[in-house]
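Keep the sequence and the model side by side as you read.

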Amino acid sequence: MSTATAPQHGSPTTVTPRRGPALDWRVRFGVLSLIWGFSFLLIKVGTQAYAPFQVTLGRLVFGTAVLAAALVVKRERLPRGARTWAHLAVAAFLLNALPFSLFSYAELTIPSTLAGICNATSPLWGMALSLVALSEDRPTRRRVAGLGVGFLGVLTVLGAWQGFHGLDAAGTTMALLASLSYPIGWIYVRRTLADSSDSHLSMTGAQLLLATAQLAVVTPLFTSVPNRFPFVPLLAVAALGVLGTGFAVLLQYGLVAEAGPTTGQMVTYFIPVIATAAGVAILGEPLTWSTPVGAVVVLVGAALTQQRRRPKGC
């Protein structure tokens, strides 16, 4: 989730021409949207039986296993060099360990629908951060307007005119911080790993491996081994890792390579719609008019922030 908002590992690798994929990219786009949209439901189900850190650790273990299998099949190796691994350790914390854990903790007290909408604020945070962190990424009036529109949508979702009545402040804050962590991680990767010669698959595999190691250290310090392992929550964690973390990364990589990064980023705008529909239809979560209306405003603002100035002559 949220990884579709921006490339995770610097400049895209060169793609060697080969036989077209079995599934049209539009089908894969839809599957990726569904997987990431349902991830918030899976987190909610997982935390019903397991501690948030345990959900995150399980997710990373299953996701890393998928990437490891892909590396073996493609006969690719992990990156080399202490510098690369040090930067990847920071990226793993900012793009995986921290936001995954924050979303898990947030969903202890907020609906999965709200978590999915908070996730859609990542482009807004990214735009705000780029104003100060990326001197080459100059804002346009449309993008600045999009930033304002987007955060107006956030206030609508949260019911600001009611004084945020009935809102769990801690859970919502954690979900928003998780969404903020993604663009911080992307900016860090862009500044430190953009010149790497390793493939996207190799870098992502190493990143997930490091994130798994980080959670493997933290989880025993704050949780105890469960006395029992309920099947449905365990299945939800496994699906979250295999599909929402491992398989989704592979889908995104192929989608961006074939249809381009702009199309890949569009997945972001479908995630809150699917997350809301899943939460309401399957989990029976409440839905007031401000949630869908605010979500639409957030997505409009996020779309405006992604508008780039056209080069002269185009």
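A residue is buried under 20% relative accessible area, exposed over 50%, and partly exposed in between, with a 1.4 Å probe and protein chains only. Pro-220 shows the term at work: its relative accessible area is 55%, so Pro-220 is exposed. Pro-220 is found in helix α8. Its C-alpha is 8.9 Å from that of Phe-53, although 167 residues separate Pro-220 and Phe-53 in sequence.

The model is predicted: local features need pLDDT of at least 70, side-chain atom pairs count only at pLDDT 80 or more, and totals for chains, interfaces and linings use all residues. Residues are numbered from 1 along each chain as its sequence is written, and side-chain values use heavy atoms, with hydrogens and water left out.

Now the fold. The protein has twelve helices and zero strands. Both kinds of element are DSSP runs numbered from the N terminus, helices being H or I with at least four residues and strands E with at least two. Of the 314 residues, 50% are buried. Take a contact as heavy atoms within 4.5 Å. Among contacts with a separation of 6 or more, 91% join residues 24 or more positions apart. Accessible areas come from the Shrake-Rupley method with a 1.4 Å probe; for residues, only the protein chains shown count as cover.

Next, look at helix α2. Just after α2, Arg-75 takes a positive phi of about 55 degrees.

Turn to the surface. Val-27, Val-31, Phe-62, Val-242, Leu-243 and Phe-247 form a nonpolar patch with about 420 Å² of accessible area together. Helices α1 (25-46) and α9 (231-259) each give two or more residues to the patch. The most come from α9, with three. Patch members have over 30% relative accessible area and no salt bridge; like charges are joined within 9 Å, nonpolar side chains (Val, Leu, Ile, Met, Phe, Trp, Tyr) within 5 Å. A salt bridge puts a side-chain nitrogen of Lys or Arg within 4 Å of a carboxyl oxygen of Asp or Glu. Val-242 sits in helix α9. Its relative accessible area is 33%, so Val-242 is partly exposed.

Finally, the aromatic rings. Rings of Phe, Tyr and Trp (its six-membered ring) pair if their centres lie within 6.5 Å; planes under 30 degrees apart are stacked, over 60 edge-to-face, and the rest tilted. The whole structure holds six such pairs. In one of them, the ring centres of Tyr-50 and Phe-229 are 6.3 Å apart and the planes lie at 35 degrees, so the pair is tilted. Tyr-50 is in the loop between α1 and α2, and Phe-229, 179 residues away, is in the loop between α8 (200-222) and α9. Tyr-50 is buried at 7% relative accessibility, whereas Phe-229 is exposed at 52%.

Phe-53 and Phe-222 form a tilted pair too, 5.8 Å centre to centre with 45 degrees between the planes. Phe-53 lies in α2 and Phe-222 in α8, so this pair ties together parts 169 residues apart in sequence. Phe-53 counts as buried at 15% relative accessibility; Phe-222 counts as exposed at 60%. Together with Tyr-105, Phe-53 and Phe-222 form one aromatic cluster.
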